[in-house]
Amino acid sequence: MTAQTERPLTRSMRPDGSFLDLPSYEQGGGYQAIRKVLNGGMEPKAVTAEVKASNLRGRGGAGFSAGSKWSFVPLGKDVPDPTYLVVNADEMEPGTFKDRLLLERNPHQLIEGVIVAGYAIEADIAFIFMRGEYTLAAQRVERAIAEAYERHYLGKNILNSGYSLELYLHLSGGRYICGDETGLLNALEGKRANPRSKPPFPPVVGLFGKPTIVNNVETLSCVPHIIDNGAEWFRRLGRTNDAGTKLFGASGKVKRPGLWELPMGTTAREILEEHAGGMRDGLRFRGLMPGGASTDFILEEHLDTPMDFSALEKVGSRLGTGTMIVLDDQTCPVGMTWNLTHFFAQESCGFCTPCWSGLGWAERILKSMEEGRGQSGQIEKLLSLSAMWKPGDTFCALAPGAAEPLQSAIKYFRADFERHISEHRCPWS
Amino acid sequence: MLSAEEIKEIDAEAARYPKREAVCIDALRIVQRHRGWISDESLRDIAGHLGMSAADVDGIATFYNLIYRKPVGRHVIMICDSVSCWIMGYDRMRKHIQQRLAIQPGQTTADGRFTLLPIVCLGCCDRAPAMMVDGDLHGDLDSQKIDSALENYA
């Protein structure tokens, strides 16, 4: 088997989609990483060093080095207990459906990743923060946690190593902003999920003021494989400088919408044309958002860009969650931008003015354009409003994320916006 | 008044957290599971049980999409209005449900059977358009699929 065909995250999943129980997970090589770490004499710092060397970058959208993040947590006896590990399973980025697969089809892989990461940062308590709508995932994760406790992979003195970890599932009350690291921590503390001012950063002052690491589901699901096979192996899985495999997806009017585990750095064209089967008959491709609602559109001329953290940035977009949303020529780009901006305006937590005020304003402008009430000067107004949604002007990444589809839609589909205004109607309706 | 069962469930969750008020969202979810929604009385009872003000609990309850501060029908239809479903025909699906049930989003049918609510991306984008009825996900929707799915919720 070559590196190009390896599918560590999905290979054990059952084709019929049923629950992969603990014995089946172990038959596929599962729960060896925790033995290597807990019984093999690996120090926590060595685990972090291995993950850092693997170049595993956060799969939730930001792409921060997981090992570097872990290394910010203070270790040793003098650190006041507890240290927390939190799994961000609040998948709510529009167009994103990758973590649900990992939660439903291989929950033990995630739990094993939690135990390894927990050991590396000397965590005492871990939470899986999951959105309330993921009902099947919640049932299966609960069942997997119970199985893991029964086998003493969780709880006190795991595998007689002296390391103890409690793991709980928390179901969210539901709000996109809970996916923000510090918004999530406030939600877990039972509060409104307003993001916090940083610094201090969560690895030092996090949940209930204690050191806390927040990692995405897919990120932690990679961890057991890195421990089993080594950092070098993981780095080589990627086709570019970015490491590992990635769950890539495609939605919109393509022939075969779906989700595939592929090498990091697979090109957008390969995903769109080979895996998703290209556009449906009679439709033409106009653009795509590479990784969810808060990533800039790219065009046909960008399709040979490798889907990784750096190459997509060079063409003005981001990898985000790696699940692309495809725009065809029979769908209105202004209507699509209105839908996206409506989402961000609705989900703003209401704290920073450029966000709560500006997003609502932009949404009203887009609505008026789509409904044939557009006026000259509105495109400039959208650009000036979104110029105030820069990172650093708001506490979190929600408004900067909203700027990406809006600004890139105007950049690439400006003639369509202008037609809505000059013709006083949506040409697609 | 909270029932003994509700209190037991809330206190079991509370044991996971170092602060009592941290269980507030769990408590709202638990009471809603038993009663269908969070009335003013439930809100005050939860606040009292957790040593919080009713205003604080209401600020939290109204922040979250899945906590209902108004009564809902026996079944809640959450139709995804996010981008992939929008591309794949969300508008037509929503209008179909509205016509079939004679309600607008946010309303409940006269017989108390269904409430229709919009919801953000359900993570079902490869089977868009999608909706969730109670805890069940329904994808690849068209009008016929919606009709036959809704038949199963009495």
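1. The contact between the two chains draws on 40 residues of chain A and 33 residues of chain B, where two residues are in contact if their C-beta atoms, placed from the backbone, lie within 7 Å. On the chain B side, α2 (24-35), α4 (54-61) and α5 (83-87) each supply at least two residues. By type, that side of chain B splits into 22 nonpolar, 6 polar and 5 charged residues. Nonpolar here covers Ala, Val, Leu, Ile, Met, Phe, Trp, Tyr, Cys and Pro; charged covers Asp, Glu, Lys and Arg; the others, Gly among them, are polar.

2. A word on what you are looking at: this is a predicted model, where local features need pLDDT of at least 70, side-chain atom pairs count only at pLDDT 80 or more, and totals for chains, interfaces and linings use all residues. Residues are numbered from 1 along each chain as its sequence is written, while chains are lettered from A and ligands numbered from 1 in the order in which they are written.

3. Chain B has 7 helices and 4 strands, and along the sequence they run α-α-α-α-β-α-α-β-β-β-α. Helices (H or I, at least four residues) and strands (E, at least two) are DSSP runs, numbered from the N terminus. The C-alpha atoms of chain B fill a box of roughly 50 × 30 × 25 Å along the principal axes.

4. Chain B is divided into domain 1 (4-61) and domain 2 (75-151), with bounds from an automatic or database domain assignment. Their C-alpha centres lie 29 Å apart. Of the 154 residues in chain B, 44% are buried; that takes 20 or more other C-beta atoms within 10 Å of a residue's own, against 12 or fewer for exposed and anything in between for partly exposed, with C-beta atoms placed from the backbone.

5. Over in chain A, there is an open sheet of 4 strands in the order β3-β2-β1-β4, with parallel pairing. Two strands pair if DSSP finds at least two bridges between them. Its edge strands are β3 (166-171) and β4 (212-216) of chain A, each pairing on one side only. In the parallel pair of β1 (residues 84-89) and β2 (residues 125-130) of chain A there are 6 bridges, and N88(A) sits opposite F129(A) in β2(A).

6. Another open sheet of 4 strands in chain A has mixed pairing and the order β6-β5-β8-β7.

7. Which residues touch the most other members of the largest nonpolar core? They are V87(A) and V116(A), in a core of 177 residues; such a core is a set of buried Ala, Val, Leu, Ile, Met, Phe, Trp, Tyr and Cys residues joined through C-beta atoms within 7 Å. Helix α16 (residues 398-423) of chain A gives the most to this core, with 9 residues. Leaving out residues up to four places away in sequence, V87(A) touches several residues, including L110(A), F127(A), F129(A) and V217(A).

8. Finally, have a look at R419(A), which is found in helix α16 of chain A. R419(A) is partly exposed, with 17 other C-beta atoms within 10 Å. R419(A) and G374(A) are 45 residues apart in sequence, and their C-alpha atoms are 9.7 Å apart in space.
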